Amino acid sequence: MRVFSFFRGLSQRLAPHHPALLVALWVLVQLVYLRKFHGPHFANDSGRYLAYATGIAERFYFEPGHNLRYVLYPLFQSLWLRLGLGWWGIVAGQMAVSALATRAVYQGTRRLAAGRRGAAVLATLLFIAWPDIQPFNVFLLTESLFISLVALSFGAFTRLQAGRPRHWLMFLLLLLLTALARPNGFLVALAAGLAGLDALRRAPDRRPWRAALLGLLLLSPLLWVALNHQLATYYLMDTYQRGELIFRSQLWAVHQAAPLHMPPPGTGPALRVLYFGVHNPVYLGRLMLGKLFVFVSYLKPHYSLAHRLLGVLVLWPAYWLAARATRRTAIWRPARIFLASIFLLQTATIMLTVDDWDVRFLAPVLLAVFVLAALELTLRVTRND
């Protein structure tokens, strides 16, 4: 009890200074990773983004095909290349956007906590200190910008409680930018749509709800075309045949016990997945469960023991707390649905595609877990006071 009282008293003394402490921590973390990676870090996919950005900066040429699905990041890079600031300019830009995103995490969480700062401090602290989020700020990859845009979208979403037109305009702009940052960026807009549909369903006037369903029905052919377009440059059947849980890795791969029934040539991308699932349900089920474990467990085979322990001791309880928070009526319901949908939609996408060897696919959605977990934990502490 004395230890608890000590930390409680310490937190009360530090509370008035928490904004400055969070800013100092954020700056320190950026400097640590700049030193660790010796400045801007050229990683596996950096070359193709930089080549694309150079083409935009010099000739305003936008590559067709797969790279067009990441168009926002090469465009972002091209601005700094055009200014002659090179890699350091790109990283400085990423850090500037990340600083705004961190502020959005704090403010958005505090709005959901009815102005109480405990949840905001905890969620922001996790966002800054988690070892697989901030390092991307020094990487010449899409992840830093994508993570920041997800956080900025969250902050803008919480402002919609006021219902002012400028807040809606900013939120829609951020959804568009997020969708252009990565091929799965549309999931944030989809999560917002699910929250909106739930709000319409619960409204006293059912006519907008029925109109929305009719609109979705009418748009379904267009949405099907868009889905096929997104999948067109991915070779999912190859990863399915190889049984990969981690892209281009046979670690923990699933091996088929019988010959697989493959879709006939000429089948569209989305129909190929449906065909494969109908004709190989057990095998696909094993693949999906394996990818689910790899994605959320934080126990990938090449992780260090410290990395795994961090996941088990911090992330696993955070998952449980976040799940509990989705049922809290004290938290604005649209935000609960929005945050939970971001995480669940990303998880479903990984289960149907394939995970990467690192945390590039999990890091952008950890924000949803951290915010919900922080809100749940502070509600529990407040109730026990």
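# Briefing on a predicted helical chain

The model is predicted. Its protein chain has 16 helices and zero strands.

**Overall form**

- For 385 residues, a compact globule would have a radius of gyration near 21 Å, and the protein chain agrees with this at 22 Å.
- Along the principal axes, the C-alpha atoms fill a box of roughly 70 × 55 × 45 Å.
- Of the 385 residues, 48% count as buried.
- The chain exposes about 19,700 Å², and 70% of that area is supplied by carbon and sulfur atoms.

**Helix H6**

- The buried residues of H6 are Ala119, Ala120, Ala123, Thr124, Phe127 and Ile128.
- These residues cover an arc of only 155° around the axis, which means that they sit on the same side of H6.

**Isoleucine 337**

- Isoleucine 337 belongs to helix H15, which runs over residues 333–352.
- Neighbours within four places in sequence aside, isoleucine 337 is in contact with Leu194, Ala195 and Asp198.
- Leucine 218 is 119 residues from isoleucine 337 in sequence, and their C-alpha atoms are 25 Å apart.

**Salt bridges**

- Side chains of opposite charge can pair when their charged atoms come close.
- The whole structure contains twelve salt bridges.
- Aspartate 355 and lysine 300 form one of these, at 3.1 Å from N to O.
- This pair links distant parts of the chain, 55 residues apart: aspartate 355 is in the loop between H15 and helix H16 (366–384), and lysine 300 is in the loop between helix H13 (281–297) and helix H14 (305–325).
- Aspartate 355 is buried, with a relative accessible area of 1%, and lysine 300 is buried at 3%.
- Arginine 328 and glutamate 376 also meet in a salt bridge, at 2.7 Å from N to O.
- Because arginine 328 lies in the loop between H14 and H15 and glutamate 376 in helix H16, the pair ties together parts that are 48 residues apart in sequence.
- Both arginine 328 and glutamate 376 are buried.
- Salt bridges that share partners join Asp45, Arg48, Glu143, Arg182, Asp356 and Arg360 into one network.
- Within this network, aspartate 45 forms a salt bridge with arginine 48, their closest N and O atoms being 3.7 Å apart.
- Aspartate 45 is partly exposed at 23% relative accessibility, and arginine 48 is partly exposed at 26%.

Notes
Residues numbered from 1 in each chain as written. Predicted model: local features only at pLDDT ≥ 70, side-chain atom pairs only at ≥ 80, totals over all residues. Heavy atoms only, no water. Helix = DSSP H or I, 4+ residues; strand = E, 2+ residues; numbered from the N terminus. Contact = heavy atoms within 4.5 Å. Buried < 20%, exposed > 50% of the residue type's maximum accessible area, 1.4 Å probe, protein only. Arc of directions from axis to C-beta. Rg over C-alpha atoms; globule rule 2.2 N^0.38 Å. Areas by Shrake-Rupley, 256 points an atom, 1.4 Å probe, with all protein chains shown as cover. Salt bridge = Lys/Arg side-chain N within 4 Å of Asp/Glu carboxyl O.
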